[in-house]
Amino acid sequence: MNRTLYTLLFHLALPLVLVRLLWRSRRAPAYSKRVGERFAVGFPIFEPGGIWVHAVSVGESIAAAPMIRELKVRYPQLPITVTCMTPTGSERIKALFGDSVQHCYLPYDLPWAASRFLQRLQPKLAVVMETELWPNHIHQCARRGIPVALANARLSERSARGYARFAWLTAPMLAELSLIAAQTDAEATRFRQLGAREDCVTVTGSIKFDLSVDPTLPERAAQLRQRWGAATRPIWISASTHTGEDEILLAAHRQLLVEHPDALLILVPRHPERFGSVFELCRKQGFTTVRRSFDEAPQAGTQMLLGDTMGELLFLFALADVAFVGGSLVPTGGHNLLEPAALGKPVLTGPHLFNFLDIAAQLREAGALGEITSAPELAAEITALWCDPERAERARVAGYGVLKNNQGALERLLAGLGRLLD
């Protein structure tokens, strides 16, 4: 009955869902394509009987990549299908895996759509990344005896309070999961308190620590800096920025240019639909700006490089001396702090880190994380790192140490998935 009410409300909200899809397609035209897949119509031809992995967008797709690659090695006889909800996530999946996995958008969480999707796919195992929980999809899997695993599961205290308000829907849904591989003890406790079965919850750690970096990446970045004539030029990066952050970051860069007139900022908006507006913002504020997508090399007088490409973030991190990770100066919850740490970059962030509390705490305790709340603080931190090589080196070593000390979560997760498949 509880899920029936949810389903009824979802059907009533469909006109609003379509309006939102139309609105998003005006800013990002890719949202207007493959709409049928969102209603379980017009799927590609699937080879059934494999493993289904759901990664809602770009961040989850990147986090899932090592797991998917290892599943392909361990179960070569099983086709793997990866679903997402956003065009940027779809582009990332195609870039990461090409034709080696099956791919489509996940249909909306309606019983008939979920049923049609599963009838076509007939998976032996469903793996959902992090906290993308859909009651009807999970229930339709349970009806068919398909085990569902929540991988790299995270649940902040704030999110847990939100789920608790809908306990009538949340508890039955969590009880139908076969495995919840939580990142931390605290998150495992929250899942149990919300209704997950005790024996299905385990702590595996975060697979984000098992990040694998191409060993040629730093060398290629150093070579590009040489071609730019910027081998000794001070360069910093602001990555995965959101609306409301760019103005603060530009203000910090303006302050840095007073003492370091040759400083270069690589600014990377989180969402591609913002590339154009952020470029215009940089120009309106008087910064000499080039775009990475045009393959424009920064000249001596260039002050900004807009990172308006997809799939290059790790390489752009490698180009910089210091990294600021966005989604943290506005209450978005932050983004992956471990990517720059894996490349040996000192890491800076804003105060809003509720999506990465454990990772941030470990980096902070090790002395690998600088936290700021304003443009002057950010400029001061970057200046200190540029002017004090020993301080920058301590931050680099500490961050890389935190990454290495926490690896192993992927193997623990794969062991749990293997038990479900067996």
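Trainee: To begin, how many salt bridges does the count come to?

Mentor: Please bear in mind that this is a predicted model. The general idea is that side chains of opposite charge can pair when their charged atoms come close. In this structure the count comes to 15 salt bridges.

Trainee: Which residue forms a salt bridge with Arg274, and how far apart are the closest N and O atoms?

Mentor: The partner of Arg274 is Asp246, and their closest N and O atoms are 2.2 Å apart. Arg274 lies in the loop between strand E9 (264-269) and helix H11 (275-284), whereas Asp246 belongs to helix H10 (residues 246-259), so the pair ties together parts that are 28 residues apart in sequence.

Trainee: Are Arg274 and Asp246 buried or exposed?

Mentor: The cut-off for buried is a relative accessible area under 20%. Arg274 has 8% relative accessibility and therefore counts as buried. Asp246, with a relative accessible area of 1%, is buried as well.

Trainee: Where do Arg291 and Asp308 lie?

Mentor: Arg291 is in strand E10 (residues 289-291), and Asp308 is in the loop between strand E11 (304-306) and helix H12 (313-319). Their side chains meet in a salt bridge of 2.7 Å, N to O, so the pair ties together parts that are 17 residues apart in sequence. Arg291 is buried, its relative accessible area being 15%, and Asp308 counts as buried at 7% relative accessibility.

Trainee: What should I note about the salt bridge of Asp214 with Arg220?

Mentor: The closest N and O atoms of Asp214 and Arg220 are 3.9 Å apart; the cut-off for a salt bridge is 4 Å. Asp214 counts as partly exposed because its relative accessibility is 36%, and Arg220 counts as partly exposed at 38%.

Trainee: Let us turn to helix packing. At what angle do the axes of helix H2 and helix H3 cross?

Mentor: The axes of H2 (residues 58-74) and H3 (residues 87-97) cross at roughly 25 degrees and come within 9 Å. Angles under 35 degrees count as roughly parallel, and H2 and H3 are therefore roughly parallel to each other. The crossing in which H2 passes H3 is right-handed.

Trainee: What do the buried residues of H3 pack against?

Mentor: They pack against H2, strand E2 (80-84) and strand E3 (102-105). The buried residues of H3 are Pro87, Thr88, Gly89, Ser90, Arg92, Ile93 and Phe97. Just after H3, Gly98 takes a positive phi of about 55 degrees.

Trainee: Finally, how far apart are Arg161 and Leu194 in sequence and in space?

Mentor: Arg161 and Leu194 are 33 residues apart in sequence and 9.4 Å apart in space, C-alpha to C-alpha. Arg161 is found in helix H6 (residues 157-164) and, at 49% relative accessibility, counts as partly exposed.

Key. Residues numbered from 1 in each chain as written. Predicted model: local features only at pLDDT ≥ 70, side-chain atom pairs only at ≥ 80, totals over all residues. Heavy atoms only, no water. Axes fitted to C-alpha atoms, helices over the stretch in contact; angles between N-to-C directions. Helix = DSSP H or I, 4+ residues; strand = E, 2+ residues; numbered from the N terminus. Parallel < 35°, antiparallel > 145°, perpendicular 65-115°, else oblique. Left-handed = near helix turned anticlockwise from the far one by under 90°. Buried < 20%, exposed > 50% of the residue type's maximum accessible area, 1.4 Å probe, protein only. Contact = heavy atoms within 4.5 Å.
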